[in-house]
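Hi,

Here is the structure I promised to pass on.

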Amino acid sequence: MFKKDISPGAKSKVKSSVQRGLRQKFLETYPGFEPYIDEVIPKKAQLDAIKLPDRATLYAIDNIPLFFQRFDDPPIPHLRLLHAYPDTVPTIQIDRGAIRFVLSGAALMAPGLTSAGGRLPDKEHALQVGDVVAVKAEGKEEICLVGPLTMGTEEMKEKGKGVAMEQGHYLGDGLWKMHLS
C-alpha cells in the first residue's frame with residue numbers, strides 16, 4: 001500500500017466530536033482494543049490527522065502513529081501500535097519462504113499460509129473477506145504485515161492458492177519509515 005518512502009502531508013488537529021467518532025469506530029472494528037483504549041486514544045489527548053498519498057489519512061497522538069484510513073474504509077492499526085498490543089486483532093502466520101516477498105510489498109499468497117509453517121484459524125474462528133488481520137512470520141516474534149483479507153480463511157484452506165491479501169502495511173514500507181516529528 002505504501003511501498004515508497006512517503007513524507008507526511010498537511011497535519012491538522014481532529015475536532016473532539018470527530019475524535020470521539022473515530023475512537024468509537026476503532027473500537028467497533030477492533031473490540032480487542034477495549035481494555036487498552038484509554039491508553040491508545042486518551043479522551044483528553046489531541047488526535048492529529050496527517051494526509052497521505054492515495055487519499056489516506058494517518059491518525060497520530062504526540063507524533064506516535066496509531067492507525068490509518070483510506071476513504072471510508074475501516075481504520076487499520078499501524079504496525080507500531082500492533083507491536084505494543086499484539087493480541088488485539090486476529091492473527092495468521094506465514095511460512096519462512098513467504099517472509100521476503102511480504103517484506104518487499106508483494107501480495108500475500110495463500111500457499112504461504114497453508115503450508116507447514118503457515119497457520120490459519122480453525123473453522124470455528126474462520127476469518128472472512130475484508131477482515132483486517134495481523135500477519136506473523138514463522139520463527140519471528142513481531143507482526144510483519146497488517147491489512148484486509150481478499151479471501152476467507154476457509155477458502156484459502158480449500159483452494160490452497162490465490163491472493164490472500166493484495167495490499168497492507170508491512171515492516172519497512174513508506175508508512176513504517178515515515179517520521180512525524
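A quick definition to start: I call two residues in contact when they have heavy atoms within 4.5 Å. Keep in mind that this is a predicted model, where local features need pLDDT of at least 70 and side-chain atom pairs count only at pLDDT 80 or more, while totals for chains, interfaces and linings use all residues. Numbering runs from 1 along each chain as its sequence is written, and side-chain values use heavy atoms, with hydrogens and water left out.

With that contact rule, and not counting residues up to four places away in sequence, L127 touches P90, I92, P121, V133, L149, G152 and T153. L127 sits in the loop between α5 (111–114) and β8 (132–137); helices (H or I, at least four residues) and strands (E, at least two) are DSSP runs, numbered from the N terminus. L127 counts as buried because its relative accessible area is 9%, with buried meaning under 20%, exposed over 50% and partly exposed in between (1.4 Å probe, protein chains only). Its C-alpha atom is 8.7 Å from that of M151, 24 residues away along the chain.

Now the cores. A nonpolar core here is a set of buried Ala, Val, Leu, Ile, Met, Phe, Trp, Tyr and Cys residues joined through side-chain atoms within 4.5 Å. The largest one has 35 residues, and F26, F33, I41, L58 and L66 have the most contacts inside it. Elements giving two or more residues to this core include α1 (16–29), β3 (56–61), β8 and β9 (143–148). The top contributor is β3, with five residues. At least three residues come from each of domain 1 (10–84) and domain 2 (91–170), with bounds from an automatic or database domain assignment. A second, separate core of 21 residues includes I92, A137, M151 and Y170.

Last, the strands, which I call paired if DSSP finds at least two bridges between them. β8 and β9 pair in the antiparallel sense over five bridges, and V133 has G147 in β9 as its bridge partner. The two strands form a hairpin with five residues between them, and G139 in the turn has a positive phi of about 80 degrees. On to β11 (residues 169–170): two bridges join it to β9, again antiparallel, and L145 stands opposite Y170. β9 is mostly covered, with five of its six residues buried.

Cheers
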